[in-house]
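Hi,

Here is the structure I promised to pass on. Have a look at it first, and then read my notes below.

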Amino acid sequence: MIDHTVADFSLPATGGRTFTLSACQGSPVVLYFYPKDSTPGCTTEARQFRDLHPQFTAAGAIVVGVSRDSIRSHENFKARQELPFDLLSDADELLCTSFSVIKMKSMYGRQVRGIERSTFAIDRQGVLRREWRGVKVDGHAQEVLEFVTQL
């Protein structure tokens, strides 16, 4: 799966924009999928990407978060956490499906469909160079940053 060109996609983004992968040619892209806005793990993860954002920017990288939440939910989450990057709404699960991040998960003893916390590093030519699946939040953004600075 790694070292293949990622198919172009467009999704609604915060700030009234549309994010299109092909518009990022020439910059590495960090695409991180997370389960839900304003939940403890997702908030911690977003804050870690936020706190390292100046270093991602210095490396020329574009960071975007993706979940199935609505743009309205994303706007509130982004404002509360002061996130300097866009969040994308994949309500139809098209991008989640293409990256195979929808999994059956156990929540309070019940099986539910949800996003498995995953991150993908795409190089300046649009080629997938690394994926992290089943991510543990602590230290993850730093690990991604270290990888991206070498792209």
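A word on terms before anything else: buried means under 20% relative accessible area, exposed means over 50%, and partly exposed is in between (1.4 Å probe, protein chains only). You'll find Tyr108 in the loop between strand S6 (102–107) and strand S7 (110–115); helices (H or I, at least four residues) and strands (E, at least two) are DSSP runs, numbered from the N terminus. The C-alpha atoms of Tyr108 and Val6 are separated by 35 Å, and the two residues are 102 apart along the chain.

Some housekeeping. This is a predicted model, where local features need pLDDT of at least 70 and side-chain atom pairs count only at pLDDT 80 or more, while totals for chains, interfaces and linings use all residues. Residues are numbered from 1 along each chain as its sequence is written, and side-chain values use heavy atoms, with hydrogens and water left out.

Now the sheet. It is an open sheet of five strands in the order S5-S4-S3-S8-S9, with mixed pairing; two strands pair if DSSP finds at least two bridges between them. At the edges sit strand S5 (86–89) and S9, each pairing on one side only. From one strand to the next the twist averages 20°; axes here are lines fitted to C-alpha atoms, for helices over the stretch in contact, and angles run from 0 to 180 degrees between N-to-C directions. Two helices pack on this sheet. H2 touches S4 and S5, and its direction makes about 160° with that of S5. H4 touches S3, S8 and S9, and its direction makes about 165° with that of S9. Contact, by the way, means heavy atoms within 4.5 Å.

Five of its five residues are buried, so S8 is largely enclosed by the rest of the structure. In a regular strand the side chains alternate between the two faces of the sheet. Here both faces are covered: Ser118, Phe120 and Ile122 are buried on one side, and Thr119 and Ala121 on the other. S8 pairs with S3 in the antiparallel sense over five bridges, and Leu31 stands opposite Phe120. Five bridges also join S8 to strand S9 (residues 128–133), again antiparallel. Across that pairing, Thr119 stands opposite Trp132 and Ala121 opposite Arg130. S8 and S9 form a hairpin with five residues between them, and Gly126 in the turn has a positive phi of about 85°.

On to helix H1. The buried residues of H1 include Cys42, Phe49, Leu52 and Phe56. Among the elements covering the buried residues of H1 are strand S3 (29–33), strand S4 (62–67) and helix H4 (140–148). After H1 comes Gly60, with a positive phi near 80°.

What about disulfides? A search of the whole structure finds zero of them, a disulfide being a pair of cysteine sulfur atoms within 2.5 Å. For Cys96, the closest cysteine sulfur is in Cys42, 12 Å away and too far for a bond. Both are buried: Cys42 has 1% relative accessibility and Cys96 has 0%.

Most residues other than glycine have a negative phi, and most peptide bonds are trans. Ser38, in the loop between S3 and H1, has a positive phi of about 65° and is partly exposed at 37%. Glu82, in the loop between H2 and S5, has a positive phi near 55° and is exposed at 63%. Lys78 is in helix H2 and counts as buried, because its relative accessibility is 16%. Not counting residues up to four places away in sequence, Lys78 touches Thr14, Arg17, Leu83, Phe85, Asp86 and Leu87.

Cheers
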